[in-house]
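Q: Hi! I have a structure open and would like to talk through it with you. Could you keep the answers plain?

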Amino acid sequence: MNKRKLLMMVEIAIFAAIGLVLDQFSFKLWAYGGSISFVMLPIMLMAIRWGLTAGLATGFIIGVLQMMFGAFIVHWLQAILDYGLAFTVVGFVAVIRNPVLQAAKALDKKKMTIYIILGALLGGTLRFVSHLLAGVVFFSEYAGEDNVWTYSIIYNGSYMLPATLLTALVAVLLFTTAPRLLKPCLLYTSDAA
C-alpha cells in the first residue's frame, strides 16, 4: 500500500472520530433525535481534502459510530436512513473540491467562501432529505392529525437548517484562514522513500 493511500485511511479514521466527538458536544433539540452540531465539518474537510471516496467513507463511519453509541433506532431501515445514509451523503461535498482548491491556490477567499457555502448547503440538504424520508416512513405517528410530510419537514428542518448554516460559517472561517488544511500533507503524497 502506498503512503498516500495509508495517510488517507488514517485521516478518515481520525476525522470520523473527531466527527463523533463534535456530535457529542451538540445542542439536543428533540428527545427522539435531532441536534445542532458540527458533525458535518470533518466530513466536509475530508471531502475537500481527499475527494469523494474519503468524504463518503468518513460520513459512513461517523454514521456507524453513532449507531454504536446511543442512536435512536426503531427499525433497521430507519437506522440506515438516519445514520448510515444521512452522514454518508454529506461526502458529496466533494463536488466542490476542485473549485475550492483552485480558489485557495489563487488566494481568492471570495470564491472559496462561495464554494464552501454551496458545499455545506449541498451536504446539509442531502442529509436533510435522508432524515426527512426516515421521518415520513418511521415516525408518522408523531404527526398526529397533521400532514406527515409537513411534520417531518418542520421537525428535521428545525435542527438541520441551523446545523447546516453554522457548519457553513465555521467551514468558511476555518478553511479561508487556514487553506493548507484543505490539502493532504505534501510530505507523504508520493511513494518516494
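Q: Which backbone oxygen lies 3.0 Å from a polar atom of the side chain of Ser152?
A: That is the backbone oxygen of Leu132. A polar contact here is a pair of N or O atoms within 3.5 Å; within protein, one must be able to donate a hydrogen and the other to accept it, and residues adjacent in sequence count only if both atoms are side-chain atoms. Before we go on, this is a predicted model, where local features need pLDDT of at least 70, side-chain atom pairs count only at pLDDT 80 or more, and totals for chains, interfaces and linings use all residues. Residues are numbered from 1 along each chain as its sequence is written, and side-chain values use heavy atoms, with hydrogens and water left out.

Q: Good to know. Where is Ser152 found, and is Ser152 buried or exposed?
A: Ser152 is found in helix 7 and counts as buried, at 1% relative accessibility. Buried means under 20% relative accessible area, exposed over 50%, and partly exposed in between, with a 1.4 Å probe and protein chains only. Helices are DSSP runs of H or I with at least four residues, numbered from the N terminus.

Q: And what does Ser152 touch?
A: Not counting residues up to four places away in sequence, Ser152 touches His131, Leu132, Gly135, Val136 and Gly157. Contact means heavy atoms within 4.5 Å.

Q: Staying with helix 7, what about Thr167?
A: Thr167 is in helix 7 too, and it is buried, with a relative accessible area of 1%. A polar atom of the Thr167 side chain lies 2.7 Å from the backbone oxygen of Ala163. Leaving aside neighbours within four places in sequence, Thr167 is in contact with Ser37, Phe38, Met40, Leu41 and Met44.

Q: What follows helix 2?
A: Gly51 does, and its phi is positive, near 115°.

Q: Which residue other than glycine has a positive phi near 55°?
A: Leu107 has that phi. Most residues other than glycine have a negative phi. Leu107 sits in the loop between helix 5 and helix 6 and counts as exposed, at 70% relative accessibility.

Q: New topic: how many aromatic pairs does a search of the whole structure find?
A: Two. In one, the rings of Tyr151 and Tyr155 have centres 5.9 Å apart and planes at 35°, so the pair is tilted. Rings of Phe, Tyr and Trp (its six-membered ring) pair if their centres lie within 6.5 Å; planes under 30 degrees apart count as stacked, over 60 as edge-to-face and the rest as tilted.

Q: How are Tyr151 and Tyr155 separated in helix 7?
A: They are four residues apart, which puts about one helical turn between them. Tyr151 is partly exposed, at 23% relative accessibility, whereas Tyr155 is buried, at 15%.

Q: And the pair with Tyr159?
A: The rings of Tyr155 and Tyr159 have centres 6.4 Å apart and planes at 85°, so that pair is edge-to-face. Both residues lie in helix 7, four residues apart, about one turn of the helix. Tyr159 is buried, with a relative accessible area of 3%. Tyr151, Tyr155 and Tyr159 form one aromatic cluster.

Q: Nice. What about Ile61, what does it touch?
A: Ile61 touches Ile12 and Ala16, not counting residues up to four places away in sequence. Ile61 is found in helix 3 and counts as partly exposed, at 32% relative accessibility. The C-alpha atoms of Ile61 and Ala13, 48 residues apart along the chain, are separated by 7.9 Å.

Q: Last one: where does Lys105 lie?
A: Lys105 lies in helix 5 and is exposed, with a relative accessible area of 69%. Its C-alpha atom is separated by 8.5 Å from that of Pro179, 74 residues apart along the chain.

Technical notes: Helices (H or I, at least four residues) and strands (E, at least two) are DSSP runs, numbered from the N terminus.
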